[in-house]
Amino acid sequence: MTWTTRPRSKRDGLACIVEGSGRPIFMIHGVGLRAEAWARQIDLFNTHHQVIAVDMPGHGESTAFENEAPQLADYVGAIAPLVPNGAIVMGHSMGAMIALEIAGAMGDRIAGVVAMNAIFRRTAQAALAVQARAASILPTKVPDPTAPLDRWFGSDPSPERDACREWLLAVDPRAYRAAYHVFAHHDGPSNDTLARMTCPALFITGADEPNSTPDMSRAMAARCRLGQSHIVQNAAHMMPMTHADDVANVLWPFMAEMGAQT
């Protein structure tokens with residue numbers, strides 16, 4: 001697959017890819033990436049749904065925050081107004097953090113939430129490691145992306161690895177640093193946020209994911225009224241790109257349960 005740039009519409013400084021028609025699916029990518037990270041999901045679901053994939057603030061074609069030290073609540077506050085009533089909200093990595101906060105706040109105004117590769121209660125060692133990476137990021141230059149790419153994909157070349165490399169090198173350095181700091185210093189949704197969700201919640205991660213682990217997804221699902229988890233075999237952090245068909249095979253039944261599939 002070619003990970004080409006797609007046309008966008010813009011609202012309140014945030015750019016979105018919008019394709020298809022039907023019940024909306026709203027997608028939020030992770031740190032350093034852009035809406036095209038959802039390209040395979042967009043192509044799979046736009047025949048049945050209106051798919052809206054947003055560029056996070058300071059990513060892709062979205063305007064960065066003027067505040068150089070935004071909090072998670074700032075990302076939620078910027079993105080939530082774009083989510084249509086009745087939408088299914090999907091997030092990956094930091095996007096999953098945002099999606100879960102939106103689900104906790106919007107209650108029955110959304111149909112469901114899907115959190116992919118979401119973190120929850122990191123170990124002390126994992127927290128120190130990600131916070132050390134955050135502290136090393138300069139506001140003037142995006143760091144060499146080789147280390148995260150190796151964590152995500154291994155060292156072998158692939159179209160997915162090449163696309164992520166291009167996006168990481170192109171992102172606004174200040175926006176990347178700001179988002180990474182939020183991601184590194186947040187420990188996942190509170191127990192209260194998870195318990196407050198009234199919509200169905202699906203937590204998916206890869207069996208080979210060392211940071212957003214299967215146990216984290218299971219623990220979050222257990223704290224939701226309508227939570228469920230699924231572990232994709234032989235997948236790691238960039239599961240939505242590398243294992244799109246496996247992810248879709250989990251998403252279609254989940255959406256059908258809430259009458260989302262037409």
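Predicted model: local features only at pLDDT ≥ 70, side-chain atom pairs only at ≥ 80, totals over all residues.
Two packed helices are described by the angle between their axes and the distance between the axes. Here, helix α4 (residues 124-135) and helix α7 (residues 173-185) pack at an angle of about 165 degrees, and their axes lie 9 Å apart. Angles over 145 degrees count as roughly antiparallel, and α4 and α7 are therefore roughly antiparallel to each other. Their crossing is left-handed. On the α4 side, the contact is made by Val130, Gln131, Arg133, Ala134 and Ala135, which meet Tyr180, His181, Phe183, Ala184 and His185 of α7. Six of these contact residues are nonpolar, three are polar and one is charged.

The largest pocket holds about 520 Å³ of space. It is lined by 31 residues, and those closest to its centre are Arg133, Pro148, Arg151, Trp152 and Tyr180. Helices α4, α5 (146-153) and α7 each supply at least two residues of this lining, which comprises 19 nonpolar, seven polar and five charged residues.

The second largest pocket has a volume of about 150 Å³. Its lining includes Glu68, Pro70, Arg177, His181 and His185, and α7 gives the most to it, with five residues. By class, this lining has five nonpolar, four polar and two charged residues.

Terms used
Residues numbered from 1 in each chain as written. Heavy atoms only, no water. Axes fitted to C-alpha atoms, helices over the stretch in contact; angles between N-to-C directions. Helix = DSSP H or I, 4+ residues; strand = E, 2+ residues; numbered from the N terminus. Parallel < 35°, antiparallel > 145°, perpendicular 65-115°, else oblique. Left-handed = near helix turned anticlockwise from the far one by under 90°. Contact = heavy atoms within 4.5 Å. Nonpolar A, V, L, I, M, F, W, Y, C, P; charged D, E, K, R; others polar. 1 Å grid on protein atoms, 1.4 Å probe; cavity = no way out; pocket = protein on both sides within 12 Å on 5 of 7 lines; lining within 4 Å. Points joined across faces, edges and corners; volume = space filled by probe spheres on them.
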